[in-house]
Amino acid sequence: MQLKPPFRWCGSKRRFAKRIVEHFPSEIHSYSEPFVGGGSVLIELINQERLVQGATIWLNDQGPVKAFWEVMTGPAEDFDDLLVSLEHWVGAPVQAYYHEWVSEINMVLDIDDYVCRFLLLNQTSFSGMWRVNAKGEFNVSRDPSKTVIRDITPQLRALRAALAEFNVVVDDCDLFEGGIYGADVIYCDPPYVETFSSYGKDKFTLDNHRFLDETLRTCASEACGSKVFLSNSDCLKTFEVYHPAAWTVLERYGRANSISSDAKTRKQQRGEVLLGLG
Ligand SMILES: C[S@@+](CC[C@H](N)C(=O)[O-])C[C@H]1O[C@@H](n2cnc3c(N)ncnc32)[C@H](O)[C@@H]1O
């Protein structure tokens, strides 16, 4: 069974994952993805059997996304509780419960309840968007076209079973410490420089990007030897941080067809770039 990304996510690489992984080595023994989001690149690697059995995989993200990957790879009890909660809501009328889910996700919950509310809201909010106010409270409106909850539990079971073939570590420490240094392949898809940068209440600043650039260059140095890949928006500011003297442009994607005469489509499509080191 081909796995699919388990939830909708802003900045998802679902449409480009095949093109991105073409640049990766064909056999990967250890892999690090510190901004994993909905995991489209990780899942493409699993589907293509590019990660060897037993490979170590380090994942990281923040907020509910990180909690999601923790539950997917953590104790069976939390995962089973998540499935029971999700099954309870299958077919539920969204309009009747949306506000309840919003107020509950803003409370302190057990990890499985938190992830359950996240997945319910992801199915039913506008574009599956995750946006929080200055206090860190979720504040996205309901999408009126999403009327009932779908059953995503078979997909989650399949993903958990696939992940069980590997040694997965979801980092609980600072993003730039831990596994990122040891991996054969590191793929980073951080928030875009200068465009959309706030997935949580804190922005991912230019200084964060500069720090990431420095860290990744260390990872790709002869001493560490990782193959490093990074996606970001295809704009001048990106190249000011991820400097062309160090980074190679491997692929440009997400662009409007240059012969398209439809100005509206051209405007909507943002170009992205895949950069590489090592
Ligand atoms: C462009 S998205 C990644 C999308 C992912 N490649 C996918 O296909 O779904 C950027 C990710 O960075 C995460 N992020 C933002 N700031 C972060 C931080 N300080 N630490 C860890 N993750 C962060 C966001 O939550 C988001 O999932």
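This is a predicted model: local features need pLDDT of at least 70, side-chain atom pairs count only at pLDDT 80 or more; totals for chains, interfaces and linings use all residues.
**Exercise 1. Find how many residues surround the ligand, and sort them by class.**

Solution. Start by collecting the shell: 19 residues surround the ligand. Next, look at the closest ones, which are Gly 11, Phe 35, Gly 37, Gly 38 and Tyr 199. Finally, sort the shell by class: nine residues are nonpolar, seven are polar and three are charged.

**Exercise 2. Work out where Glu 49 and Ser 127 sit, and whether each is buried or exposed.**

Solution. Begin with the backbone. Most residues other than glycine have a negative phi. Glu 49 is not a glycine, yet its phi is positive, at about 55 degrees. Ser 127, also not a glycine, has a positive phi of about 55 degrees.

Now place them. Glu 49 lies in the loop between α2 (40-47) and β2 (51-59), while Ser 127 belongs to the loop between α6 (111-124) and α7 (153-163).

**Exercise 3. Describe the largest nonpolar core and name the residues with the most contacts inside it.**

Solution. The core has 60 residues. Those with the most contacts inside it are Phe 68, Val 115 and Ile 186. The largest share of this core comes from α6, which supplies seven residues. To see one set of contacts, take Phe 68 and leave aside its neighbours within four places in sequence: Phe 68 is then in contact with Val 115 and Phe 118.

**Exercise 4. Check the length of helix α8 (residues 206-220), then find which residues are buried and where they point.**

Solution. First, the length. The expected span is 1.5 Å times one less than the number of residues.

Second, the buried residues of α8 are His 209, Leu 212, Leu 216 and Cys 219. Because these residues cover an arc of only 80 degrees around the axis, they are on the same side of α8.

Third, turn to the face pointing away from that buried side: this face of α8 carries the exposed residues Asp 207 and Glu 214.

To finish, identify the packing partners. The buried residues of α8 pack against the strands β4 (185-188), β5 (227-233) and β7 (272-277), and against helix α9 (236-241).

Technical notes:
Residues are numbered from 1 along each chain as its sequence is written. A residue is near a molecule or strand if its C-beta atom, placed from the backbone, lies within 6 Å of it. Ala, Val, Leu, Ile, Met, Phe, Trp, Tyr, Cys and Pro count as nonpolar, Asp, Glu, Lys and Arg as charged, and the others, Gly among them, as polar. Helices (H or I, at least four residues) and strands (E, at least two) are DSSP runs, numbered from the N terminus. A nonpolar core is a set of buried Ala, Val, Leu, Ile, Met, Phe, Trp, Tyr and Cys residues joined through C-beta atoms within 7 Å. A residue is buried if 20 or more other C-beta atoms lie within 10 Å of its own, exposed if 12 or fewer, and partly exposed in between; C-beta atoms are placed from the backbone. Two residues are in contact if their C-beta atoms, placed from the backbone, lie within 7 Å. The arc is that of the directions from the helix axis to the C-beta atoms.
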